[in-house]
Amino acid sequence: MDVIIGLGGAGCRIADEFAKYPQYEIYKIDTGLQGENCYSLPSCKSPEEYEQSVPDMSSFFKDIDGDILFIIGGGGKISGASLQIMKQLSKHNLHVLYVKPYIKSLTKTGMLQDRAAFSILQEYARSGLLKKIFLIDNTVLEKIIGDIPILEYNKKLNELIVNAFHYINVFNHTQPVLENVEPPKEVERICTIGIYDLKNNNETTFFNIENVGYKCYYYAIPEQILKSDGKLFKLIKDKAAEQQSSYRIYTTKHEDYFSYFVAQTNFIQSIDTAS
């Protein structure tokens, strides 16, 4: 994705984290915003009011070119504006990153809004109105990171999300050393991402996705290890055979190797799937 659009507090914080990489053009939409590529919506009391309050934003979006990652935090009232905003971006390849919050922290209205947006956006993806939707669950991320100080909570979770997305995006625009890739089915547009520990054969998804139909692993391996480790390729091939998955292998200047993966399905995920 070339363009990142964050909606609401959570979406804007994640967009800010993407801003550390020069590849992305960042746009933010929230109440009370000022500055370049920022759009301030009027403060509303309900998701329905936010939906009705969205103006013509064509002048704000006029310079956007390329694929878009639209970031929404579940449960926020302002997420009610998301569908009306996305309609104005329909000519672009639109991907959605939907971050589910810790459910018990939401108000009753927040829980209802999260449930509605979570289902509707998946239906949009499956029907082809969205290129893909990526589901992320903050509760799962907390388990990956472990104990997090209060003042570092949002930063640590957002770093985990953005680093994974960034590397996968870079890999998708880089020629691999070796690959064995079968593209996903056109209908497999509901996705999540995850981390794979090749040494311990352990993987963790960022959302507990069910009925996975397609999976692709991205391996970043230092050149010296690619030249010297005679067992590594067999491990990668065995993993692909076991999972019936695709893989791509890249060189990296990091001291050790690491890997991410994307999992995709055409099945609508239940709200109860989230932790």
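Guide: A helix here is a DSSP run of H or I covering at least four residues, with helices numbered from the N terminus. The model you are looking at is predicted.

Visitor: Why is Lys239 called buried?

Guide: Buried means under 20% relative accessible area. Lys239 has 5%, so it counts as buried.

Visitor: Which residues does Lys239 touch, not counting residues up to four places away in sequence?

Guide: Lys239 touches Tyr196, Asn201, Glu203, Tyr217, Tyr219 and Ser245.

Visitor: What makes Lys239 and Glu203 a salt bridge?

Guide: The cut-off is 4 Å between a side-chain nitrogen of Lys or Arg and a carboxyl oxygen of Asp or Glu. The closest N and O atoms of Lys239 and Glu203 are 3.3 Å apart, and the pair therefore qualifies. This pair links distant parts of the chain, with Lys239 in helix α9 and Glu203 in strand β9, 36 residues apart. Glu203 itself is partly exposed, at 24% relative accessibility. There is also a network of salt bridges here, linking Glu203, Lys215 and Lys239.

Visitor: How many salt bridges does a search of the whole structure find?

Guide: The search finds 13 salt bridges. One of the pairs is Glu159 with Lys155, whose closest N and O atoms are 3.1 Å apart.

Visitor: How do you know what separates Glu159 and Lys155 in helix α7?

Guide: Count along the helix: the two are four residues apart in α7, which means about one helical turn between them. An α-helix has 3.6 residues a turn, so residues three or four places apart point the same way.

Visitor: Glu159: buried or exposed?

Guide: Buried, since its relative accessible area is 19% and the limit is under 20%.

Visitor: Why are Asp63 and Lys62 called exposed?

Guide: Exposed means over 50%. Asp63 has a relative accessible area of 53% and Lys62 has 59%, so both pass that mark. They also form a salt bridge with each other, the closest N and O atoms being 3.3 Å apart.

Visitor: Why is α6 called roughly perpendicular to α7?

Guide: Two packed helices are described by the angle between their axes and the distance between the axes. Helix α6 (residues 138-145) and helix α7 (residues 153-172) pack at an angle of about 95°, and their axes are 10 Å apart. Angles of 65 to 115 degrees count as roughly perpendicular, so α6 is roughly perpendicular to α7. Where they meet, Asn138, Leu141, Glu142, Ile144 and Ile145 come from α6, while Tyr153, Lys156, Leu157, Leu160 and Ile161 come from α7.

Visitor: Which elements do the buried residues of α1 pack against?

Guide: They pack against β1, β2, β4, β5 and α7. The buried residues of α1 (residues 8-18) include Gly8, Cys12, Ile14 and Phe18.

Visitor: What makes Ile209 buried?

Guide: Its relative accessibility is 13%, and the limit for buried is under 20%, so Ile209 counts as buried. Ile209 sits in the loop between β9 and β10. Leaving aside neighbours within four places in sequence, Ile209 is in contact with Ile190, Cys191, Thr192, Ala263, Thr265 and Gln269. Phe134, in strand β6, has 6% relative accessibility and therefore also counts as buried.

Visitor: Which residues make the nonpolar surface patch of about 300 Å²?

Guide: Val177, Leu178, Leu226 and Phe233 make it. A patch takes residues with over 30% relative accessible area. Leu178, in strand β7, has 37% and counts as partly exposed, so it passes that cut-off.

Visitor: What is phi of Asn37 near?

Guide: Phi of Asn37 is near 55°, a positive value in a residue other than glycine. Asn37 lies in the loop between β2 and β3 and is partly exposed, with a relative accessible area of 24%. Asn201 likewise has a positive phi, about 50°, although it is not a glycine. Asn201 lies in the loop between β8 and β9. At 43% relative accessibility, Asn201 counts as partly exposed.

Note on methods:
Residues numbered from 1 in each chain as written. Predicted model: local features only at pLDDT ≥ 70, side-chain atom pairs only at ≥ 80, totals over all residues. Heavy atoms only, no water. Patch = residues over 30% accessible without salt bridge, like charges linked within 9 Å, V, L, I, M, F, W, Y side chains within 5 Å. Areas by Shrake-Rupley, 256 points an atom, 1.4 Å probe, with all protein chains shown as cover. Buried < 20%, exposed > 50% of the residue type's maximum accessible area, 1.4 Å probe, protein only. Axes fitted to C-alpha atoms, helices over the stretch in contact; angles between N-to-C directions. Parallel < 35°, antiparallel > 145°, perpendicular 65-115°, else oblique. Contact = heavy atoms within 4.5 Å.
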